[in-house]
Amino acid sequence: MSSPSVDLSRFSNAGFDRGASRLKETLWVLVRCLFFAPTVPLPSAFRIFWLRVFGAKIGRGVVIRAGVNIHFPWRLEVGDYVWIGEECWLLNLAPIMIGNHVCLSQRAFLCTGSHNYQSPTFDLILKPIQVEAGAWIAANAWIGPGVQVGTHAVLAGGSVATVNLKPFTIYRGNPAVAIKERVIRG
């Protein structure tokens with residue numbers, strides 16, 4: 001008795017809506033390679049200008065460091081006073097919404113896409129990510145498809161979030177688990 005197996009030759013993303021024309025996407029890849037991928041310390045305003053040209057909604061006082069990889073700017077909303085650290089990766093095949101005063105530290109990875117591991121054709125699964133105001137995603141942390149990060153939640157360095165994170169809670173580990181309440185002293 002043979003069991004079903006994965007057959008990647010049958011994979012199709014024909015139903016995937018890229019959200020922009022091939023020309024726009026190609027131009028974005030060129031801009032990304034020239035002004036985002038290099039580790040040259042360009043002013044954030046320069047990167048923000050290009051993101052807005054390609055349809056991103058970006059608030060005031062946003063800082064975007066070198067080496068940031070944003071897949072589809074037309075599927076990105078960033079609030080006011082957000083910091084996006086060096087080499088962050090926003091794989092936004094579905095929308096990513098980032099609230100005000102959020103910090104994405106170096107090499108944080110927000111991933112809106114995955115695959116159905118039970119399907120022989122490894123079908124694409126897309127779900128948006130929302131990071132609410134005041135949250136901190138620490139260095140090398142990973143957030144998966146469909147996760148909502150509650151206001152002022154913290155995801156510790158190197159942690160993996162595959163489920164929603166509650167507000168004012170600090171999470172750590174793989175998978176991330178709540179370790180304590182976040183208290184902000186003023």
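What is the relative accessible area of arginine 107? At 38%, arginine 107 counts as partly exposed, a class that lies between buried (under 20% relative accessible area) and exposed (over 50%), with a 1.4 Å probe and protein chains only. The views below show a predicted model, in which local features need pLDDT of at least 70 and side-chain atom pairs count only at pLDDT 80 or more, while totals for chains, interfaces and linings use all residues. Residues are numbered from 1 along each chain as its sequence is written, and side-chain values use heavy atoms, with hydrogens and water left out.

**View 1. Arginine 107 and tyrosine 81 each have a positive phi.**
Arginine 107 lies in the loop between β8 and β9, where strands (E, at least two residues) and helices (H or I, at least four residues) are DSSP runs numbered from the N terminus. Its phi is about 65°, although arginine 107 is not a glycine. Tyrosine 81, in the loop between β4 and β5, has a positive phi near 55° and is partly exposed, with a relative accessible area of 39%. Most residues other than glycine have a negative phi, and most peptide bonds are trans.

**View 2. Valine 82 is buried in a loop.**
Valine 82 is found in the loop between β4 and β5 (83–84), and it counts as buried because its relative accessibility is 0%. Apart from residues up to four places away in sequence, valine 82 touches Gly61, Val62, Val63, Ile98, Gly99, Asn100, His101 and Val102, where contact means heavy atoms within 4.5 Å. From valine 82 to alanine 94 there are 12 residues in sequence and 20 Å in space, taken from C-alpha to C-alpha.

**View 3. Valine 6 is partly exposed.**
Valine 6 belongs to the segment before α1, and its relative accessible area is 47%. When neighbours within four places in sequence are left aside, valine 6 is in contact with Ser119 and Pro120. Valine 6 and glycine 157 are 151 residues apart in sequence, and their C-alpha atoms are 33 Å apart in space.

**View 4. Five strands form an open sheet with parallel pairing.**
The order of the strands is β1-β4-β7-β12-β15, and the edge strands, which pair on one side only, are β1 (57–58) and β15 (148–149). Two strands are said to pair if DSSP finds at least two bridges between them. Strands β1 and β4 (residues 76–78) run parallel and are joined by two bridges, and isoleucine 58 has valine 78 in β4 as its bridge partner.

**View 5. Seven strands form an open sheet with mixed pairing.**
Here the order is β2-β5-β8-β13-β16-β18-β19, with β2 (63–64) and β19 as the edge strands. Strand β8 (residues 103–104) runs parallel to β13 (residues 136–137), with two bridges between them, and leucine 104 stands opposite isoleucine 137. Two bridges also join β16 (residues 154–155) to β18 (residues 169–172) in the parallel sense, and there valine 154 has isoleucine 170 as its bridge partner.

**View 6. Strands β18 and β19 form a hairpin.**
Four bridges pair β18 with β19 (residues 177–181) in the antiparallel sense, and isoleucine 170 stands opposite lysine 180. Four residues lie between the two strands, and glycine 173 in the turn has a positive phi of about 110°. Proline 175 also lies in the loop between β18 and β19, and a cis peptide bond with omega of about 0° joins asparagine 174 and proline 175.

**View 7. The largest nonpolar core holds 44 residues.**
A nonpolar core is a set of buried Ala, Val, Leu, Ile, Met, Phe, Trp, Tyr and Cys residues joined through side-chain atoms within 4.5 Å. The members that touch the most others are Leu76, Ile98, Leu104, Ile137, Ile143, Val149 and Leu155, and the elements that give two or more residues to this core include α1 (22–35), α2 (44–53) and β4. Isoleucine 143, with neighbours within four places in sequence left aside, is in contact with Phe109, Leu110, Cys111, Ile129, Ile137, Val149, Leu155 and Ala161.
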